[in-house]
Amino acid sequence: MINKNVFNDTKKKLIKINVLVVCGFLILFSLFTYFYFKSLSYESIDTKLEEEYEYISMQINRSSYINPIALKDPRDLVYIYKNDRLIFYTKSDYFINGFPSESILRENNFFTYEENNYTFRELCLTINDVKVRIIRNIDSELSSLKQLFFVIGIAIIFSIISTYFIALYLTKKALVPIETAWSNQVKFIQDASHELRTPITIASSKLQSLLTVPNNTISDEVETIADVMTETRRLKKIIQDLLSLTKEDAVIKMNTESFDLEELLKDLCKDYYEICEIQNKFLEFNSTLKEKMIKSDKTKLRQLVLIFLDNAFKYTRPEDKILMSIKERDNKFICIIEDSGIGINKEDLPHIFERFFRSDNIRNKDIDGSGIGLSIAKMISINLKCSINVKSEINKGTTFEIIIPKQIS
């Protein structure tokens, strides 16, 4: 059985990593956004203060009671000193006694400070004997920044919650193929162990029986020895099939070449004509190809067709017919292998390409086989970019249709 704790732990780790990554990104992005807008706000205020200073500086020398200094922006508070004597100021309710504190004064610079529960941005410049203080209340700007910070915080919380559920969903989806592969691996090991155990158990029991009669000759136990050899050959066949299946799983590069497809299939059929005579079966080959050349992996394509042809002979009875035909359709080659054999149960058709799967009606007939052949065929077809269709009916026969591309890269 699959250890569910492994998947649960992996799922939790993936969710945690996803949430932490998104959370970290959001926090960095939010901090950047906040400080960027804060910088823009202060830069805008400082620009306005500088403009105010330029506007006032042009009026200082020509100001009088008749022509007092005018402000460019009425929000600004201006205090002008000459020889440390206040010569101009704007009335304000922000400060106690109407004047800003001198203790926080920093000349020739921009600075921010709080006084009387208000926040101010000030530009203080001294040129010769004239000192100009331009002050602006920035509570509204700070309020906007606080609102921005609040909105960003809400957005981060909402995004983290959304990320958690999205990560939960995506993690489940991502682990499905892994869990499926793990299940298939466990099932494969269980099935392989079962298939290997049977011939080993039979051979072992037969050999043990020989030890109970040490005085018997080989001729006396020829049947027992034959049974052991049969099971040994079966065991060897299973191991070879498993190795073939493993090799197909690991295929990376195909050995493609151009060859005559019709000639390849004819040669395959020739190898089975003698078997037909021995088993009293009939094999026929038909071709309607005009263009016979194909570019593919010749060895693997031969192995693919051979598996279906071998199964056709294995699951047919004396007097049954086997027909192999090749034709062209939709710019692809269609190889059809049909027989009039025992057929496959309708409910078993979706499972015939699973490893070690064998239909109950086949097991009951004691037909030799490991149930790996069609799995190998499926893997080869994937590597050759082929597709396989199957139709079958109990006691009427089976038809396999292999759709082969004319060229694979």
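I started with a side-chain pair: R136 and D73 are joined by a polar contact of 2.9 Å. A reminder to myself before going on: this is a predicted model.

**Entry: R136**

I looked up where R136 sits, and its place is in strand β5, residues 130-137. Is R136 buried or exposed? The relative accessible area is 3%, and buried means under 20%, so R136 counts as buried. Next I listed what R136 touches, leaving out residues up to four places away in sequence. The list has I45, K48, L49, D73, R75, D76, T119, F120 and R121. D73, the polar partner from my opening note, is in that list too.

**Entry: the sheet that holds β5**

I then followed β5 into its sheet. In what order do the strands come? I read β2-β1-β5-β4-β3, an open sheet of 5 strands with antiparallel pairing. β2 (85-89) and β3 (109-115) stand at the edges; each has a single partner strand, so one side of each lacks a neighbour in the sheet. From one strand to the next, the twist averages 25 degrees.

Strand β1 (residues 76-82) pairs with β5 in the antiparallel sense, over 7 bridges. For Y81, I found K131 as the bridge partner in β5.

**Entry: A203**

I moved on to helix α2, residues 139-211, where A203 lies. A203 has a relative accessible area of 12%, which makes this residue buried. Which residues does A203 touch, once those up to four places away in sequence are set aside? I got V228 and E231. I also looked at D227, which is 24 residues from A203 along the chain; their C-alpha atoms are separated by 7.4 Å.

**Entry: the other sheet**

Here I found another open sheet of 5 strands, in the order β7-β9-β10-β12-β11, and its pairing is mixed. β7 and β11 (387-393) are at the edges with a single partner strand each, so one side of each is left without a neighbour in the sheet. Ignoring direction, neighbouring strands are turned by 15 degrees against each other on average.

I went through some pairings strand by strand:

- β7 (residues 282-287) and β9 (residues 321-329) run parallel, joined by 6 bridges. N286 has S325 as its bridge partner in β9.
- β9 and β10 (residues 332-339) are antiparallel, with 8 bridges. I326 stands opposite C335 in β10. In their hairpin, with 2 residues between the strands, D330 takes a positive phi near 55 degrees.
- β11 and β12 (residues 397-405) run antiparallel, with 7 bridges. I388 has I402 as its bridge partner in β12.

What packs on this sheet? I noted α4, which touches β7, β9 and β10; its direction makes about 170 degrees with that of β7. I also noted α5, touching β7, β9, β10, β11 and β12, with its direction at about 20 degrees to that of β10.

**Entry: α4 against α5**

Last, I looked at how these helices meet. Helix α4 (residues 261-279) and helix α5 (residues 298-314) pack at an angle of about 30 degrees, with their axes 11 Å apart. Angles under 35 degrees count as roughly parallel, so α4 and α5 get that label. Their crossing is right-handed. Among the residues making the contact, I wrote down L261, L264, L268 and Y272 of α4, and L301, V305, L309 and F313 of α5.

Notes
Residues numbered from 1 in each chain as written. Predicted model: local features only at pLDDT ≥ 70, side-chain atom pairs only at ≥ 80, totals over all residues. Heavy atoms only, no water. Pairing = 2+ DSSP bridges. Helix = DSSP H or I, 4+ residues; strand = E, 2+ residues; numbered from the N terminus. Buried < 20%, exposed > 50% of the residue type's maximum accessible area, 1.4 Å probe, protein only. Contact = heavy atoms within 4.5 Å. Polar contact = N/O pair within 3.5 Å; in protein donor to acceptor, adjacent residues only side chain to side chain. Axes fitted to C-alpha atoms, helices over the stretch in contact; angles between N-to-C directions. Parallel < 35°, antiparallel > 145°, perpendicular 65-115°, else oblique. Left-handed = near helix turned anticlockwise from the far one by under 90°.
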